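Here is a friendly briefing to read alongside the structure. Please keep the viewer open while you go through the points.

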Amino acid sequence: MERTVPRTASEEIELYLRTYYSLLRSTDEVPVRALEEVHQRTNSLLHPHAGAAEPDLNAFIYSILRLPGCIVQARRVLLGQSRQVFLRHGVGDVETWQTVAARARRRRCFWDGAETLACYIASRSDIDDVVPMLTAYQIEWNKLHALLQEAPRDLLEGQAADDALARALRMSVDDLQRLRQVWGEAFLPNLRLARQRKRRFFVQLLSGSLNEYRRATYAWWDRVEEHAPDVLSRPVYFVSSNPHSLPNLLSGYALRHAKTLLAFVAASGDPLLQREWEAIRQGTMPSSRENFLYYALKKYQGTAEGRHTRAGQLAHEASLGIARIPSKHSFDLEAQVVEIRRLKPQFVDPRLRDLPWDVLARSDAFILNIDYPLGLAAYHVLSQVAERVGEVRGVYIMGKAATLNGAIGDVMIPNVVHDEHSRNTYLFPNAFSAHDVSPYLVYGTVLDNQKAVTVRGTFLQTAGYMGVFYREGYTDIEMEAGPYLSAIYEMVRPKRYPRDEIVHFSTGRMPFDLGIIHYASDTPLSKGKNLGAGSLSYYGMDPTYASAIAILRRLLTREAARVANDE
């Protein structure tokens, strides 16, 4: 395997970063219009047609899904690390405003009902995410505005044919239908609004200090410590994944309510799910029955009929030692603390029942699972955990990534990570290999011994930039592994992480287990194959749960061996 450090300097991207960070130093609002030209010149892989007159619908939909729906009314966007930051800057208590959320980006935001959107940010990575996204949204919205100025007014009265509206907007009918699906009932109202006025966003960063990010992380940890004080004195296995996989696998709630969930699927009118279940039932489809029920539970609890079951699920989980701890007054990051000895083998997923649960019943360890953070927030979070818990026995990272050599739904297991934040290249012994995941993966392929790169933002990539990595053998593109490895460096070495170095974590010198698994949600070198074009949907459950099972089996097997050895 190559050990070279990729040289990725992109003048366009560096100029873009310098431009918006210099503007955000202002104590006043900054017009996003000032960023449009440099954004277009960047030639972002996610927004390749930013400068064209025709809409770039992939980039627009990507932005729509990651911004709250009220963005169509917003004039200014305020960014701050916590409630206290907004109070100190005279904005007021934003938590008394309406809470709003995006469908595909986890960020705590508040809407004043008039023109201001306030968002809590966890690290500099949130700025690298929000600012280019607002710029892309504004560019594409204003394209629609210009095109609709020339279109007949009756096109938006609900009677016009889709082909006529698509021609007016210079897009295909399929693309128009995608936009209609994303906006739902707001499709025509939003287009009427786009015809009426251009979008002119203003953005303001209330505080950019590193101390404020640290304070927000302290506030997040205080909540964990308040609800689970024993983590301060007992061993912990740290997992970064999502808020549903581990609780579903360990509690068995969905499996116990299979009859209700299957009745919901039968009455849902969703032909995809109905066909999938029928194929599973008849044995003609290799899909996992358990994964299907986990997905059905999520869908069911999103309905008015199923919402009431959430309280019962939380109570059942709590009885098994699984505590969910939502964050408060700062960035949105749920934590879950699992007391291993309270888990019951009769409830766990069948793929975990062969583990030595009698031995695990004597464990004193916890699993601390967090909903994976964005970018540099991973460094702040793991650094805080390492400082506070009794002992870290394992660090396991599971997250989404783009793949340059695989397909959506594949699983990638790296042992080399180049971090664009620190410019370090980390070489490490990954606890996982392909055979740990492949027995539980139905649709995709597991690729181990991969090389990953941690990028600064989704819009901050170009074809040439990705080509550098591809030529150097880097095929796994994501946003958290590098910051996590920087925190791990400080957990095992007596100094702050370096910059622009090759760092080798040798097997014998690691004081805890380390594993990183990524599953592919994007193929950026294939035109249109990104999460602006679609989503993992139900089939994303396959790599997610295969990875989560591998993590739990590794973690619990090691803990059982440790307990048995100590006895």
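This is a predicted model: local features need pLDDT of at least 70, side-chain atom pairs count only at pLDDT 80 or more; totals for chains, interfaces and linings use all residues.

Residues are numbered from 1 along each chain as its sequence is written, and side-chain values use heavy atoms, with hydrogens and water left out.

**Helix packing**

- Two packed helices are described by the angle between their axes and the distance between the axes.
- Helix H12 (residues 258–268) packs against helix H14 (residues 289–301) at an angle of about 70°, and their axes are 9 Å apart. Axes here are lines fitted to C-alpha atoms, for helices over the stretch in contact, with angles running from 0 to 180 degrees between N-to-C directions; helices (H or I, at least four residues) and strands (E, at least two) are DSSP runs numbered from the N terminus.
- H12 and H14 are therefore roughly perpendicular to each other, a label for 65 to 115 degrees; angles under 35 count as roughly parallel, over 145 as roughly antiparallel and the rest as oblique.
- The crossing of H12 and H14 is left-handed, meaning that the near helix is turned anticlockwise from the far one by less than a right angle.
- On the H12 side, Ala258, Thr260, Leu261, Leu262, Phe264 and Val265 meet Arg289, Phe292, Leu293, Ala296, Leu297, Lys299 and Tyr300 of H14, where contact means heavy atoms within 4.5 Å.
- The residues of this H12 and H14 contact comprise 10 nonpolar, 1 polar and 2 charged. Ala, Val, Leu, Ile, Met, Phe, Trp, Tyr, Cys and Pro count as nonpolar, Asp, Glu, Lys and Arg as charged, and the others, Gly among them, as polar.
- H14 also packs with helix H15 (residues 309–319), at an angle of about 130° and with axes 10 Å apart. That makes H14 oblique to H15.
- Leu297, Tyr300 and Gln301 of H14 make this contact with Thr309, Arg310 and Gln313 of H15. The classes are 2 nonpolar, 3 polar and 1 charged.
- Helix H7 (residues 173–183) and helix H8 (residues 187–196) cross at roughly 105°, their axes coming within 8 Å. H7 and H8 are therefore roughly perpendicular to each other.
- From H7, Leu176, Leu179, Arg180 and Trp183 meet Phe187, Asn190 and Leu191 of H8.

- On a 1 Å grid over the protein atoms alone, a pocket is an open set of points with protein on both sides within 12 Å along at least five of seven lines, a cavity is a set where a 1.4 Å probe fits but cannot get out, and lining residues have an atom within 4 Å of a point.
- Volumes are the space filled by probe spheres set on the points, which are joined across faces, edges and corners.
- This pocket is lined by 19 residues, with Arg124, Gly208, Leu210, Tyr213 and Leu376 nearest its centre.
- The structure holds 3 cavities of 30 Å³ or more, and the largest cavity has a volume of about 60 Å³.
- The lining of the largest cavity divides into 8 nonpolar, no polar and 3 charged residues.

**Leucine 447**

- Leucine 447 is found in strand E14 (residues 446–454).
- Leaving aside neighbours within four places in sequence, leucine 447 is in contact with Asn405, Val411, Met412 and Ile413.
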